[in-house]
Amino acid sequence: MKLRARRLDFGYAPFLVPGVVLFLVVVLGPFVANVVLGFTRWRGVGTPSWLGLDNYRRLLQDDAFWASFRNNVAMIVAMTVIPTIVGLLLASLLFDYVAKRFARGWATRLRAAYYLPQVLPVAVAGVVWGWILHPSYGVLNSFLERIGLETLTRNWLGDPDTALPAVMAVMVWIQIGYPVVMFMAGLQRVDPEMYEAAELDGANWFQRFRYISIASIRPEIYVVVLTTIIAALKVFGPIFVLTRGGPGTATLVPSYFSYQNFFERADVGYGSAISTVLAAVIIIVAAVFIRFQNRRELASLR
Amino acid sequence: MTTLVAYREPAVGPRPAPARAPRRGRLRWLVLALLILVGVVVLVPFALVVMNAFKSAEDYASNGALSFPRRLDFDSVVEFWRRVDFSRKLLNSVLISGSVAIGGSVLSLLNAFALGIGRVKGRYVFLVVFLTANLLPQESLVYPLYYLAKEVGLYDTRLSVIIIFIVIQSAFGTYLLTSVLAAFPRQIIEAATIDGATKWQVLCRVVFPLSRPTLAVLFTFFFIWTWNEFFLPLIFLVSNDNQTVPVAVGVLQGQRMMDATAQSASALLGILPAIVFFLIFQRTLTRGVTAGALK
């Protein structure tokens, strides 16, 4: 009895053991290994040979690498900039205009319609659009033919000029519902009396939109922008399904570029270097955002 | 959302600005028409998929993608189902997503119990470090994981994907649940401890039952997120018997045997489960989508 009473008390730490062990095995260990592999040449078998910074020097001179990050910026435009701006407009029109001047059911139904692409696995969304944009049997081309615009038909995903805009359009379609749902939820917090007071003071719709709606849902805008930028930097599934990065490097993104080096070219060291750069970019973006947010919170406390 | 009958705003009646009314009347219909048009544009791809998945190949060849099917033809759907053994893919997806949802919720609860209730030293650091599991691109983990899985004989098993996703998903779960449990009334735990309950008993009999609503949100999210995953399942589940629905549908894209109707059939079979889950989990989801933002 005495022994049991004096049993060591580890506090709550034992409950963390499974989480920490799994994290070390699945995340930290592999990540460190990946960083180290980035300094080596390795074909996936045998022993990696040390290269130092050679992979990174090669990256800086590799046009495909730069193209992949340029395309990442295009993905941010398609997944963050356009959906956030359009989403703000749609959400406040639905919330402040349709729900008040028509039955609320319309606002709910339209919101659900905008959100539907978000529930699909991104790979499946890619399949849907790969079929619509197909050069020979695709719906888009046969639609253009039917309305007499044959000259506009083209191999949307196979033409270097249209591939990236086409992929961007698909990403806008996938993403648009997310900000709408987030922003409408945020707008519910706004006191309706603020709108009424502003209306009485003669503020027009756009002024109310700018000074009340946007100002009130700052936290939601922040979350949407941060999460979609990270998603845009990581995008893989739609590229894999739609274009495999092609034609050439027209739609190549870093995640697909590293995948190619890992599993198609067996250039594991180079793939590791690419994915390490991608991870660093994502960590920096997240850190900057969190910094910025904390500073604003501090400022608002003063 | 809470009632089955659509809630209608009570009619407000004429606004107190009759001079501006006529212009505004037309404008509001224009705005509504525009918003409906956006909705239609978003929904058109779904309609096209449904229309063409039930079309015979001859019908498609002679009448194109834009016409309604002459008669309902289930051949392409049945044919695709049979060819990829779709029941098997569904089973794999349910098994993987279900296991991850349960395992991820359990792991999140254990972590959050230590961090939120136990206030383990350095809990802020733990939280941030765990969150990197979600933040890091999977590409920066995949090759060592792939190599490791081959070494221990887990490559091309559903278990490998389950373990990896339990860890990745529980990062968000730990974060969300810790912030919920940090606000947990201390008196309840103290009372249980005074009554002689061990920490394990406090977790199972007090904290777990009271955090069920959050766990339900986590379960739903983990299930759907895992269902939708593509990259890691693509790499780890190479054999047909282990593939998930998105991988099976995504990999077949662009292959020669995929004609137009087969492709729309495959898209339909990829879409349907997602929509079914959305309808089942809708209420939990709408509650949860914004949870991350406000916590």
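Just after α4(B), B:R119 takes a positive phi of about 50°. Helices here are DSSP runs of H or I with at least four residues, strands are runs of E with at least two, and both are numbered from the N terminus. The model is predicted: local features need pLDDT of at least 70, side-chain atom pairs count only at pLDDT 80 or more, and totals for chains, interfaces and linings use all residues. Residues are numbered from 1 along each chain as its sequence is written, while chains are lettered from A and ligands numbered from 1 in the order in which they are written.

Helix α4 of chain B covers residues 86-117, 32 residues in total. From its first C-alpha to its last, α4(B) reaches 44 Å, close to the 46 Å expected at 1.5 Å a residue. The expected span is 1.5 Å times one less than the number of residues. The loop between α3 and α4 of chain B holds B:D85. Phi of B:D85 is near 55°, a positive value in a residue other than glycine.

Chain B is divided into domain 1 (21-61 + 68-77) and domain 2 (85-294). These bounds come from an automatic or database domain assignment. Taken over C-alpha atoms, the centres of the two domains of chain B are separated by 34 Å. Ten residues from domain 1 and ten residues from domain 2 of chain B make the contact. Two residues are in contact if their C-beta atoms, placed from the backbone, lie within 7 Å. On the domain 1 side, α1, α2 (57-63) and α3 (75-84) of chain B each give two or more residues. The most come from α1(B), with five residues. By class, this side has seven nonpolar, two polar and one charged residues. Ala, Val, Leu, Ile, Met, Phe, Trp, Tyr, Cys and Pro count as nonpolar; Asp, Glu, Lys and Arg count as charged; the others, Gly among them, count as polar.

Between the chains, 69 residues of chain B are in contact with 78 residues of chain A. Helix α1 (residues 21-53) of chain B supplies the largest share of the chain B side, 13 residues. That side has 47 nonpolar, 17 polar and five charged residues.

One helix pair spans the two chains. The axes of α2 (residues 17-37) of chain A and α6 (residues 139-151) of chain B come within 8 Å and cross at roughly 95°. That makes α2(A) roughly perpendicular to α6(B). Axes are lines fitted to C-alpha atoms, for helices over the stretch in contact, and angles run from 0 to 180 degrees between N-to-C directions. Angles under 35 degrees count as roughly parallel, over 145 as roughly antiparallel, 65 to 115 as roughly perpendicular and the rest as oblique. From α2(A), the contact includes A:V27, A:P30 and A:F31; from α6(B), it includes B:Y143, B:P144 and B:L145. The contact residues divide into nine nonpolar, two polar and no charged.

Chain A has 15 helices and two strands. Its radius of gyration is 25 Å, well over the 19 Å that the globule rule gives for 302 residues, so chain A is more spread out than a compact globule. The radius is taken over C-alpha atoms, and the rule is 2.2 Å times the number of residues to the power 0.38. A cis peptide bond joins A:G246 and A:P247, with omega about -5°.
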